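Colleague: I would like to learn how to read a model like this one. Please take me through it feature by feature.

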Amino acid sequence: MENTEPRNWDIETCKTRIADPDAMIRFEAGSPNPEEVDCYRKLLLKRIPLQTSKRSRVLILGMTPELRRMALEIGAKITSVDRSADAIAVYSDWIQAEYRSNEQIICSEWLQFEHLMNGYSDAILGDGVFPNVLSINEHHELLTSLKHIIHHESILIFRQVIIPYYFDLEENSAPHLLNRFRAGSLSEAEFGFGMRFWGCFDEAYDPESFLLNNRIIYDRYLKWLKQERLSQAEFDCIYRYYFDGMNMILPQKAWEEILRNTGFSFECHTLKGNSWYEYYPIYSCQTSK
Ligand SMILES: C[S@@+](CC[C@H](N)C(=O)[O-])C[C@H]1O[C@@H](n2cnc3c(N)ncnc32)[C@H](O)[C@@H]1O
């Protein structure tokens with residue numbers, strides 16, 4: 001019988017995101033690119049100047065290698081927390097050998113690791129964390145538990161998929177994205193990532209629960225591939241971001257209200273140059289005074 005359980009973050013899902021395993025490079029958009037990592041770095045260094053970064057403790061939610069490397073390079077001691085043993089197996093050695101003694105990896109639910117933290121974090125980083133947290137209550141719970149392990153100078157930095165205040169869903173539907181890609185006005189990453197999040201929004205997103213069902217999305221594109229409505233190369237661009245679980249995609253207003261209601265002030269940093277920057281901005285947050 002076919003296994004229909006969601007695979008979530010299993011080995012195969014983690015591997016679809018890898019562009020070059022030998023060079024340890026992943027596909028941008030699904031992973032923060034050098035420009036985005038630079039934005040994280042600058043925000044982090046504003047709070048943790050280089051001269052003190054050697055003593056700094058940074059908590060990373062997930063195994064995002066680009067963020068772990070950056071934090072280790074500035075001299076921080078990091079703790080990376082992920083509940084997927086597969087994600088840990090795939091990415092644990094994606095950091096330079098000389099830094100490994102400065103990283104502790106914990107296999108745990110984010111909501112349950114608070115007791116494992118020994119002391120405070122100067123910063124908490126993550127890439128696409130909250131879309132994996134599937135209710136508003138749990139958003140509150142996670143943000144509140146993070147507040148227990150930070151101090152008033154700490155900073156939280158997340159790249160966060162949102163439905164921006166002004167966003168044209170029709171313009172981002174699959175037929176439009178496909179036309180724009182075929183006309184050469186979207187890069188492979190802009191096309192593939194956009195098709196995953198917005199291409200089938202009408203069918204795969206429930207505006208009541210804010211949940212996006214990725215399985216519906218990939219089933220649809222597989223059907224289109226078989227019907228030759230998508231070429232193999234086009235399908236491959238979308239498959240780089242494969243995920244078969246659910247994601248919570250909040251309108252910007254709702255996400256920012258959650259931050260405010262849990263006692264955070266924030267800045268939203270929208271980079272210029274790639275289409276996903278608009279709907280995948282970088283939030284830097286601090287506890288409100
Ligand atoms: C944080 S996102 C990272 C996606 C991202 N763009 C990347 O860098 O690959 C995905 C990771 O979060 C982990 N994760 C999702 N929900 C979690 C939870 N409630 N507790 C712990 N880890 C979780 C998954 O196992 C997965 O490895």
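Modeller: Start with domains: their bounds come from an automatic or database domain assignment. Here that assignment gives domain 1 (11-163 + 250-287) and domain 2 (174-248). The centres of domain 1 and domain 2, taken over C-alpha atoms, are 25 Å apart. This is a predicted model, in which local features need pLDDT of at least 70 and side-chain atom pairs count only at pLDDT 80 or more, while totals for chains, interfaces and linings use all residues. Residues are numbered from 1 along each chain as its sequence is written.

Colleague: How many residues of domain 1 and domain 2 are in contact?

Modeller: Two residues are in contact if their C-beta atoms, placed from the backbone, lie within 7 Å. By that rule, 16 residues of domain 1 meet 16 residues of domain 2. On the domain 1 side, eight are nonpolar, six polar and two charged. Nonpolar means Ala, Val, Leu, Ile, Met, Phe, Trp, Tyr, Cys and Pro; charged means Asp, Glu, Lys and Arg; the others, Gly among them, are polar.

Colleague: What is the strand order of the open sheet?

Modeller: Strands (E, at least two residues) and helices (H or I, at least four) are DSSP runs numbered from the N terminus, and two strands pair if DSSP finds at least two bridges between them. The sheet has seven strands in the order 5-4-3-6-7-14-13, with mixed pairing. Strand 5 (103-107) and strand 13 (264-269) are the edges, each pairing on one side only. Strand 4 (residues 77-82) pairs with strand 5 in the parallel sense over five bridges, and Ile78 stands opposite Glu103 in strand 5.

Colleague: At what angle do the axes of helix 7 and helix 8 cross?

Modeller: Axes are lines fitted to C-alpha atoms, for helices over the stretch in contact, and angles run from 0 to 180 degrees between N-to-C directions. Helix 7 (residues 174-182) and helix 8 (residues 188-199) have axes that come within 9 Å and cross at roughly 170°. Helix 7 is therefore roughly antiparallel to helix 8; under 35 degrees counts as roughly parallel, over 145 as roughly antiparallel, 65 to 115 as roughly perpendicular and the rest as oblique. Ala174, Leu177 and Phe181 in helix 7 meet Phe191, Gly194, Met195 and Gly199 in helix 8. Five of these contact residues are nonpolar, two polar and none charged.

Colleague: Which residues are closest to the ligand?

Modeller: A residue is near a molecule if its C-beta atom, placed from the backbone, lies within 6 Å of it. The ligand is surrounded by 19 residues, the closest being Gly62, Thr64, Arg83, Ser84 and Ala87. That shell has six nonpolar, eight polar and five charged residues.
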